[in-house]
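Work through the exercises below with the model open. Try each task before you read its solution.

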Amino acid sequence: MAKVAAEVYDVFSILDRKAEVPCCGTVAFVGTDSFLREQATRFSTNQWKIDSASLDTQFGEDVSWVDVHDRLATRSLFDDAGHRTLLLKAADKFVSKYRDALEKWVTAADDRSTLVLHLDQLASNTRLYKLLNQHGAIVDCKIPTTKAFGSPPDDRAIGKWIVSWATQTHGLRLTSSQSNVLVERIGPIFGLLDCELAKLALFCNDKRSVSDEHVDELVGGWRTKTAWDVAEWIAEGQIAEALQEIDKLFAAGQNPIALMAQISWALRRFGMAANVFEQARNTTAPIKLYDALSGVGFFGPKISAAEKQLRRIGIARSRQILDWLVELDLKLKGTHSQDDRGRLAIEEFVVRFT
């Protein structure tokens, strides 16, 4: 078993092949973006010489600790003594239920076995986190964020990753302005970004580049572009137009949660900017609204347009956007999880901007 350094591995360093995760007793890939977790796992298991097609994969809700332990530790007389690896997806509830057993496993895991965990969250102040950092490995698969209020997605960092990933994985050369188009239209949804890059690669020339016109025409498809338009109309106060387009999206089979992922990404920045601006105004170092918008991810000519939109919405109402989005997210994942009720919740959210 490789010696483990006491560090948390960054998913982007792994995907850029600048770091390797050691093959140890327990490895946790932590973050809510499933694409990043899957890619980091694939890169790591390939380095461990494990065939992804033969990787034993289970879901946390479907197994008990006894099942997991038996798969990793129990060997028959006819065992070939090969290294055993078990990937446990959606393992958050499993970890909560069997935390004590996992803590013991991490400190005394069999050298011939590796348990891979896919987790949405793992608090750094827990004993399991500290034990993993000492005896196992943790891979941070979270979306890059800035230090601004609310920790918004770091659009510039995501744009740089898009350029790098396009070249490395799809043999496609993109400019920074072209990557910005993907960030604006798709948002920090890495699986969708990868799909868009694969699509653009089909239209590249002999120099492996693609024209700005193709990027504008192809990125996002009509549903993504329409969702982006909906967010723009909401910000502009064109509520009737926004509701009409939402109706078209649902008629085409759009999922409420998927739709809100696009809309909320655009509107969340207004809420964060309003809070930053208001907090700074109550201190001895107030800032301009333009600077607050720049700090949460708007850039270039988009800042001036966003400033007009935020002023239309109003600072007081904009400060409520983050709370409204949390409320809507809880509804879509709970009381309004059915599509018809999800649509009602989204429409109620939109009307708040009238």
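**Exercise 1: The pocket lining**

By class, 23 nonpolar, 12 polar and 9 charged residues line the largest pocket. Here Ala, Val, Leu, Ile, Met, Phe, Trp, Tyr, Cys and Pro count as nonpolar, Asp, Glu, Lys and Arg as charged, and the others, Gly among them, as polar. The model is predicted: local features need pLDDT of at least 70, side-chain atom pairs count only at pLDDT 80 or more, and totals for chains, interfaces and linings use all residues. Residues are numbered from 1 along each chain as its sequence is written, and side-chain values use heavy atoms, with hydrogens and water left out.

Task: find which residues lie nearest the centre of the largest pocket, and which elements give two or more residues to its lining.

Solution. 
- Step 1. On a 1 Å grid over the protein atoms alone, a pocket is an open set of points where a 1.4 Å probe fits, with protein on both sides within 12 Å along at least five of seven lines; lining residues have an atom within 4 Å of a point.
- Step 2. Go to the centre. Of the 44 lining residues, T32, D33, I143, R268 and K333 lie nearest to it.
- Step 3. List the elements. Those giving two or more residues to the lining are α2 (34-47), β5 (113-119), β6 (137-140), α13 (256-281) and α17 (321-332). Helices (H or I, at least four residues) and strands (E, at least two) are DSSP runs, numbered from the N terminus.

**Exercise 2: Aromatic pairs**

Task: count the aromatic pairs, then explain what the pair of F12 and F190 ties together.

Solution. 
- Step 1. Apply the rule. Rings of Phe, Tyr and Trp (its six-membered ring) pair if their centres lie within 6.5 Å; planes under 30 degrees apart count as stacked, over 60 as edge-to-face and the rest as tilted.
- Step 2. Count. The rule gives 11 aromatic pairs.
- Step 3. Classify. F12 and F190 are tilted, at 5.8 Å centre to centre and 50° between the planes.
- Step 4. F12 is in helix α1 (residues 11-15) and F190 in helix α9 (residues 190-201), so the pair ties together parts 178 residues apart in sequence.
- Step 5. Check burial (under 20% relative accessible area). F12 is buried at 13%, and F190 is buried at 0%.
- Step 6. Widen the view. Ring pairs link F12, F35, F43, W161, W165 and F190 into a cluster.

Terms used. Buried < 20%, exposed > 50% of the residue type's maximum accessible area, 1.4 Å probe, protein only.
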